Structure formats: C-alpha cells, structure tokens
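Good morning, colleagues. May I ask you to turn to the sequence and the structure as they come up on the screen.

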Amino acid sequence: MVPLGWFGGVIGLILATAVSLYANALVAYLHELGGQRHIRYRDLAGFIYGKKAYNLTWVLQYINLFMINTGYIILAGSALKATYVLFKDDGLLKLPYCIAIAGLVCAMFAVCIPHLSALRIWLGFSTVFSLAYIVISFVLSLKDGLRSPPRDYEIPGEGVSKIFTIIGASANLVFAFNTGMLPEIQATIKQPVVKNMMKALYFQFTVGVLPLYLVAFTGYWAYGSSTEVYLLNSVNGAVWVKALANITAFLQSVIALHIFASPMYEFLDTKYGIKGSAMNVKNMSFRMVVRGGYLAFNTFVAAFLPFLGDFMSLTGAISTFPLTFILANHMYLKAKKDKLNSSQKLWHWLNIGFFSIMSLAATISAIRLIAIDSKTFHVFADL
C-alpha cells in the first residue's frame, strides 16, 4: 500500500486477487491432464514439456520456496525483536541475533515434524495464531487511526526512484497470493478433484482474502506512508497485547515455513531413501543434518539481507511471475491448443508476454532496492 497509495494499492490488490485466481484455476484444470493426477507442479510441467521442463520448474519452485522461507525467518526474527523491545529496549538483542534464534527454532520444528501430514494439530494452532494476529493488528490500527491527526498518503520517492518502487510493489502483490505449489497443496483432495480444487480456490480468493484486505487497508489508513513494513512496529497499545500479537506472528511463521519447506524436505527424503519410522535414529540424524543445514543457509541469507519487503519483491519477480502466470498460461495453451480458438490463444499469448515483461522489470527493481538498502543499512543490519 505504501509504494502504491490508495488508488494503486486498492486496485492493485483487487487485480492481483483476480489474476491469481485465474492463473491458479488454469493449473487446477490441468490437474488430471492425460487421465492421471499430477500432484507436483514439476510433474505437470514434465508431462507437458518433457524432462528439461521438469528440472527447470523444480529449480523455479526451489527458488520460490527458498525465498518464501527466507522471508518467514526474517518475519519471525522481526517479531521476536519487537517482543524483546517491548520489555527491554537496550539495543543488545539485535535483529540478526533474533533471526538466528528464529532459524534455530524452525530447524528444531523441522526435525520434530517428519512430514507434512504430521502437522495436524499444529494447523489448528496456526489458525488460532493467524486469527489472534489479525484481530489484534486490526483493533490497534483502528484505534490509532481514530485518534491520530490527518496522515500523509503520498507515495514516497521521486522520479525514477518512485517508478522502480511502484514496479517492485507489483511483485509484492502477486507474492501475497501465490505459492507456486498448488498441486502439492491439493495432492490429497478428494474426487471429483478439479471441481473440489475450484471450490477451494473460489473460497480462498473471496472469503480467504478478506483478512488480508482488512489488515492492509486498516494499517495504511491508520499510519499512511509512515507505515512500517512489519505493521506491529507501528501500532500503539498495551504491552501484553502487542507482545501476544508478536508471539503469534513468530509461532505462525515457524509453522508456515515448515509447510513451504516440505517439498524440499520430501525431495531430499526421497533422494536419499529415507523410509521407515520417523523416530529411527538414522532418520532423526538425517533430518538434523540435512534439514538443519538447509535452514542454516536460509537463516544466514535472512540475517545477511534482512529486508523483508525487498525479498517479497524479488521472490514475486523471479519466481512467482514465471511459475504462476507465465508457465500456467503456456502450459494451458500447449495442453489445450486443439480446443482453443484463435482469440483464446491470443489471450494466453498476451498474458505470457505481459507477465514476462513484468517479471523482468520487477526483478531489476527488486535488485535495485536491495542494493540501495544494503548501502543504506549495510549487511546484517539491525532494522
């Protein structure tokens, strides 16, 4: 909202919702292509294009999930630091230290939860944590907004800088709604598969986006262009309430990271033949070393460049745009080419061209933003 303003932010979020629903629907319609279920995005790409596309899609997915996980570790570290500052603002516990602690907690959780289906009760906790954060951030923002003097809603920056910031924000918008792993998430859905996938997508992109809209719009209304990247750094309220919201954000980040890291865990488990009891000493040791090492690298990158907004832009640019929009349209075009008329084919090619240009422009913008922030704050910055 900050780099787009009211008009651009509202319209942008609504458009991002609509195009994300459309792109994910294309993937859903291809889920049973050729009479078989494709429960991995890369499996679907490989079925349509061949082995090289399978590998390329997996690389893009890996980049996407790695960047998402890095963002979650930054978010968890920011929440942990915000909690500490509420009780003791002495500057001793810096953001890189908080990110390291967050990474350690994520690694411990990854070792204890061997596979995605083992989350179960944690998904219930995840829902509670999300609702707590949404309610607290909304109520505190609303209270601040009603008491505050008129706010400045001008888009920050000037000239070229403002243009690059706006382009980067477009990547943030699509990042907010897409994962690049729809087939994996829907792998266990019941028959009729495509119909049920569409029901889930319609629900997610209507009712499911309302909490996001609520927090984004209320936060921007309350604080204007001075809104912090991490909203809870802007709000005022009782210490215990803010601490509760920060703790829920921290815990939710740990659980959410595990969900998005699971495809990599599953790939590594399969590659190295990890089978049998999850409590087997060999399997436990494997998870400690391999998952721990993976998250250690994630944590290092998060601490090295802890710019959450910039990472969201870069992730959207280099992986979400290609995976969710470019690849989805081209796969649908190739798979259904004999059933599409010329205007439908043109529509998909226009989508491919437009999102390719957006991906390139957003990548340049995101790299520029990271370079500028790195000079301004230096690496391992205490933001």
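Helix H1 (5-29), helix H6 (159-177) and helix H13 (342-377) each contribute at least two residues to the lining of the second largest pocket. Helices here are DSSP runs of H or I with at least four residues, strands are runs of E with at least two, and both are numbered from the N terminus. This is a predicted model, in which local features need pLDDT of at least 70 and side-chain atom pairs count only at pLDDT 80 or more, while totals for chains, interfaces and linings use all residues. Residues are numbered from 1 along each chain as its sequence is written, and side-chain values use heavy atoms, with hydrogens and water left out.

To return to the pocket: its space comes to about 210 Å³. On a 1 Å grid over the protein atoms alone, a pocket is an open set of points with protein on both sides within 12 Å along at least five of seven lines, a cavity is a set of points where a 1.4 Å probe fits but cannot get out, and lining residues have an atom within 4 Å of a point. Grid points are joined across faces, edges and corners, and the volume is the space filled by probe spheres set on the points. Which helix gives the most to this lining? That is H1, with four residues. The residues of the lining include Gly 12, Leu 15, Ala 16 and Val 19, and also Phe 321, Phe 354, Phe 355 and Met 358. By class, nine are nonpolar, two are polar and none is charged. In this scheme Ala, Val, Leu, Ile, Met, Phe, Trp, Tyr, Cys and Pro count as nonpolar, Asp, Glu, Lys and Arg as charged, and the others, Gly among them, as polar.

How many cavities of 30 Å³ or more does a search of the whole structure find? The search finds one, and the space in this largest cavity is about 50 Å³. Among the residues lining the cavity are Ala 23, Asn 24, Val 27, Tyr 41 and Leu 323. H1 supplies the largest share, three residues. The lining has six nonpolar, three polar and no charged residues.

Next, the packing. The largest nonpolar core has 54 residues, and those with the most contacts inside it are Leu 257, Tyr 265, Tyr 294 and Leu 295. Such a core is a set of buried Ala, Val, Leu, Ile, Met, Phe, Trp, Tyr and Cys residues joined through side-chain atoms within 4.5 Å. With eleven residues, H10 gives the most to this core. A second, separate core of 49 residues includes Met 1, Leu 13, Leu 323 and Ile 352.

Asn 246 is placed in helix H10 (residues 239-271). Is Asn 246 buried or exposed? Asn 246 counts as buried because its relative accessible area is 1%, where buried means under 20%, exposed over 50% and partly exposed in between, with a 1.4 Å probe and protein chains only. The side chains of Asn 246 and Tyr 230 are joined by a polar contact of 2.6 Å. A polar contact is a pair of N or O atoms within 3.5 Å; within protein, one must be able to donate a hydrogen and the other to accept it, and residues adjacent in sequence count only if both atoms are side-chain atoms. Beyond four places in sequence, Asn 246 touches Ala 79, Ala 82, Thr 83, Leu 86, Tyr 230 and Leu 232, contact meaning heavy atoms within 4.5 Å.

Tyr 54, in helix H3, is partly exposed, at 21% relative accessibility. The side chains of Tyr 54 and Arg 42 make a polar contact of 3.3 Å. Setting aside residues up to four places away, Tyr 54 touches Arg 42, Asp 43 and Gly 46.

Finally, the backbone. Most residues other than glycine have a negative phi, and most peptide bonds are trans. The bond from Gln 191 to Pro 192 is cis, with omega near -5°, and Pro 192 is found in the loop between helix H7 (182-185) and helix H8 (193-204). Arg 120, in the loop between H4 and H5, has a positive phi, near 35°. Arg 120 is exposed, with a relative accessible area of 66%.
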